[in-house]
Amino acid sequence: MNDPKTPMPAQALCSSDELQERGRAHTFDVLQYRQPARAFALRFEGQVVAYLNRCAHVPTEMDWQEGEFLDGDKQYIMCSIHGAVYDPLSGRCVTGMCGRSGLTKIEVKELEGQVYWYPSRDTRPVFDDTQPD
């Protein structure tokens with residue numbers, strides 16, 4: 001078993017073509033503090049960004065349909081349950097009951113037509129054999 005403090009290698013997430021500008025997000029499963037959770041990646045202003053699918057106001061999934069996170073004008077990420085509004089590039093709360101909180105960022109990079117995510121100490125792949133039993 002590997003040391004859980006050792007950084008994990010990048011995880012292939014999806015092809016770059018799957019993420020259209022301000023379009024449907026790619027959702028994926030993660031372990032957040034060893035608990036199952038969903039995350040999402042989307043393209044905004046040419047950049048791929050990813051966050052835990054959890055509203056900062058009340059920890060619930062935010063998409064109003066699978067992979068749909070942006071408001072009607074496709075300017076902001078909006079929680080379909082609480083109406084909290086977040087800046088897509090930073091995850092910072094813009095308005096709503098999220099106060100000074102923001103979305104939990106997941107590190108992603110785009111290389112050679114592929115999007116990769118980088119697990120952290122807190123956010124790991126679902127099938128993570130580096131976690132102690």
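So, where is the place of Glu112? Glu112 is in the loop between β8 (105–111) and β9. At 85% relative accessibility, Glu112 is exposed (that label means over 50% relative accessible area; buried means under 20%, partly exposed is in between, with a 1.4 Å probe and protein chains only). Its phi is near 50°, a positive value in a residue other than glycine. Most residues other than glycine have a negative phi.

Quick housekeeping before I go on. This is a predicted model, where local features need pLDDT of at least 70, side-chain atom pairs count only at pLDDT 80 or more, and totals for chains, interfaces and linings use all residues. Residues are numbered from 1 along each chain as its sequence is written, and side-chain values use heavy atoms, with hydrogens and water left out. When I say strand, I mean a DSSP run of E with at least two residues, numbered from the N terminus.

Back to positive phi. Arg22 has one too, about 55°, and is not a glycine; look for Arg22 in the loop between β1 (11–15) and β2. Then there's Glu45, with a positive phi near 50°, in the hairpin of β3 and β4, which has two residues between the strands.

β3 and β4 pair antiparallel over six bridges (strands pair if DSSP finds at least two bridges between them). As an example, Ala39 has Leu52 in β4 as its bridge partner. β4 also pairs with β8, again antiparallel, over two bridges, and there Ala50 stands opposite Ile106 of β8. β4 is mostly covered, too: five of its six residues are buried.

Now the rings. Phe, Tyr and Trp rings (for Trp, the six-membered one) pair if their centres lie within 6.5 Å; planes under 30 degrees apart are stacked, over 60 edge-to-face, and the rest tilted. By that rule we get three aromatic pairs. Phe28 and Trp117 make a tilted one, 5.5 Å centre to centre with 45° between the planes. Phe28 is in β2 (residues 26–32) and Trp117 in β9 (residues 114–118), so this pair ties together parts that are 89 residues apart in sequence. Phe28 is buried at 7% relative accessible area, and Trp117 is buried at 4%.

Phe40 and Phe69 are a stacked pair: 3.7 Å between centres, 15° between planes. That one links distant parts of the chain, with Phe40 in β3 (residues 35–44) and Phe69 in the loop between β4 (47–52) and β5, 29 residues apart. Both Phe40 and Phe69 are buried, and together with Tyr51 they form one aromatic cluster.

And what lies over the face of Tyr118? Lys109 does, at 5.6 Å from the ring centre (the rule wants NZ of Lys or CZ of Arg within 6 Å of the centre and within 35 degrees of the ring normal).

Next, an arginine. Arg124 lies in strand β10 (residues 123–125) and is buried, with a relative accessible area of 4%. Its side chain reaches the backbone oxygen of Ser120 at 3.3 Å.

Last stop: an open sheet of three strands, in the order β5-β6-β7, with antiparallel pairing. The edges are β5 (77–78) and β7 (93–95), each pairing on one side only. Two bridges join β5 to β6 (residues 85–86), and Ile77 stands opposite Tyr86 in β6.

How values were computed. Helix = DSSP H or I, 4+ residues; strand = E, 2+ residues; numbered from the N terminus. Polar contact = N/O pair within 3.5 Å; in protein donor to acceptor, adjacent residues only side chain to side chain.
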